[in-house]
Amino acid sequence: MKRIIRFNIYIALILGIVLTSGCSKYLDIVPKGRKMPTTLADFEALMRDEYGNHRYPHLQAIYLLNDRFERAEALNYYPLNKANYMWSEGENRVTYNNSDESAYYTAYAAISSYNLLVQYAPEATEATDAERKVLIAQAKLGRAMHYFLLVNYYADTYDASSAGTKLSVPLIESADIGAPYQQVTIQEMYDYIIRNASEALPDLPVKGATILHGSKGAAHAFLARVYLQMGDYDKALTSANEALAQNDKLFDWVAFYNSYQTQIDQPGVYPSLPSPRTYDFEENYIFGHEDATYSKREYNIRTDRAARFEAGDASFMSRWKLRTIGTDTYYYSIMTGRFNDGGITTSEVYLIKAECLAREDDWSGAMQALNAVRIKRILPAQYTALTAASTAEAIEYIRRTKESITLFSIVAFADMRRFNKEPQYARTLAKTENGTALTLAPGSHMWTMPFPQGAINNPGNGTIHQNVNQ
């Protein structure tokens with residue numbers, strides 16, 4: 001027990017250093033010799049590091065989408081937040097993003113842990129070969145999930161015609177001190193992500209030790225997400241069906257709303273309803289936090305964003321309530337707890353399946369998958385099963401529901417980016433702030449986030465090139 005406690009403290013120190021230094025500095029502090037974990041229990045302690053390995057922050061994407069309401073005075077403290085929230089295309093976000101942009105540092109801290117597991121867990125003592133293989137497989141899946149966030153945040157969205165030439169993010173897979181690395185192309189990164197998840201699948205259990213541990217269902221669901229992002233609809237559909245064969249449960253938001261309706265409807269009262277989207281949420285394949293691991297309220301949302309929810313959406317009505325404070329009117333969060341904004345759920349996979357079927361002109365099948373999700377979310381008085389007479393109509397229906405389901409996750413941002421490269425589905429975002437009309441075009445450079453300057457200036461044993469000029 002003392003050994004594991006010492007190891008946990010040491011890992012906490014590693015993560016603290018990583019988050020306040022250049023990304024690849026972790027290569028200089030990976031433990032060697034007597035500080036290296038040795039037993040299966042040691043490595044398991046690292047896998048279970050919830051704060052370090054199971055967070056997927058991507059705050060600037062949430063600001064850019066305007067999915068979160070923010071007060072003007074709060075924005076004035078953080079120029080990077082304000083530039084993205086206000087779609088200030090003339091602002092130089094590169095200079096604003098100094099060393100505190102957590103998406104980059106958190107992801108590479110987690111990747112460093114998973115690299116250590118993949119490289120050294122094969123030597124774990126007090127373990128069977130099967131136990132070692134499970135742990136390595138779960139580390140490969142976790143590593144792939146973090147790289148998916150990075151490539152969809154700091155690099156241009158996947159396009160087969162340019163993915164082989166455009167740069168993505170640094171690919172670091174060694175836990176050795178001073179190991180060199182490369183900033184690979186987008187295609188190379190997607191190939192790496194798929195290879196990790198695919199190699200993990202045979203050794204993953206049907207059910208992990210906890211919902212933080214990867215499973216076969218989680219890997220299939222993640223591959224469905226990746227293939228959809230690449231526009232490989234056949235493989236995405238196959239993976240989605242494999243995931244749903246492992247878990248196809250959907251949470252009943254209508255029943256949840258009905259059980260709390262009295263509290264929700266009280267005028268001037270803003271309750272703190274318990275989040276059902278926590279560790280034991282029946283839709284979970286794998287759980288991940290957006291940023292904070294502690295219990296909290298969800299983000300408040302803008303009134304124009306709230307208007308994009310379908311009428312009668314019990315999930316929306318259970319989570320936010322209109323509120324005015326001073327000159328600000330917005331939808332205030334009335335739900336507290338933990339929220340699976342970094343993991344994967346069945347509702348997302350149903351909608352991946354729906355889009356793939358729509359792309360194959362199976363509009364009836366697409367609407368069947370979509371309606372399976374909607375009937376659990378839309379109040380009976382407002383529910384009507386949807387039908388579609390074209391691929392475009394089906395996709396518009398699917399997008400509306402999926403944007404609401406994946407709100408505050410990297411998927412909402414990744415989906416908007418991939419639709420933006422299709423003229424038929426591209427959107428220009430529009431809003432009015434203080435009487436000024438603002439827009440964000442689908443081809444704007446702002447859809448790619450700049451690397452932190454701290455990483456550029458301190459790249460370790462490699463080089464990092466910005467993928468966006470401002």
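**Salt bridges in a predicted model**

Visitor: Which side chain meets Arg48 in a salt bridge?
Guide: This model is predicted. In it, a side-chain N and a side-chain O lie 2.6 Å apart. A salt bridge needs such a pair within 4 Å. The partner of Arg48 is Glu44.

Visitor: Is Glu44 buried or exposed?
Guide: Buried means under 20% relative accessible area. Arg48 has 41%, which makes Arg48 partly exposed. Glu44 has 16%. Glu44 therefore counts as buried.

Visitor: Which residue forms a salt bridge with Asp341?
Guide: The closest N and O atoms of this pair are 2.6 Å apart. Asp341 sits in the loop between β8 (335-337) and β9 (344-345). Its partner sits in the loop between β3 (273-274) and β4 (284-286), 64 residues apart from Asp341. Both residues are buried. The partner is Arg277.

Visitor: How many residues apart in sequence are the parts tied together by Glu403 and Arg427?
Guide: The two side chains meet in a salt bridge, 2.6 Å from N to O. Glu403 lies in helix α18 (residues 391-405). Arg427 lies in the loop between α19 (410-420) and β10 (429-433). So the pair ties together parts whose separation in sequence is 24 residues.

Visitor: Does Arg427 count as buried or partly exposed?
Guide: The cut-off for buried is under 20%. Glu403, at 14%, counts as buried. Arg427 has 22% relative accessibility. Arg427 therefore counts as partly exposed.

Visitor: Which residues are linked in a network of salt bridges?
Guide: Side chains of opposite charge can pair when their charged atoms come close. Here several such pairs join in a network. Its members are Glu355, Arg359, Lys402, Asp415, Arg418 and Glu422.

Visitor: How many salt bridges does a search of the whole structure find?
Guide: The protein has 47 positive and 52 negative side chains. The centres of the two sets lie 4 Å apart. The search of the whole structure gives a total of 26 salt bridges.

Visitor: What is the radius of gyration of the protein?
Guide: The protein has 20 helices and 11 strands. For 470 residues, the globule rule gives 23 Å. The protein's own value is close to that, so it is as compact as a globular protein of that length. The radius of gyration is 22 Å.

Visitor: What percentage of the residues in the protein is buried?
Guide: The count covers 470 residues. Buried residues make up 59%.

Methods: Residues numbered from 1 in each chain as written. Predicted model: local features only at pLDDT ≥ 70, side-chain atom pairs only at ≥ 80, totals over all residues. Heavy atoms only, no water. Helix = DSSP H or I, 4+ residues; strand = E, 2+ residues; numbered from the N terminus. Rg over C-alpha atoms; globule rule 2.2 N^0.38 Å. Buried < 20%, exposed > 50% of the residue type's maximum accessible area, 1.4 Å probe, protein only. Lys, Arg positive; Asp, Glu negative; His and termini not counted. Charge placed at Lys NZ, Arg CZ, Asp CG, Glu CD.
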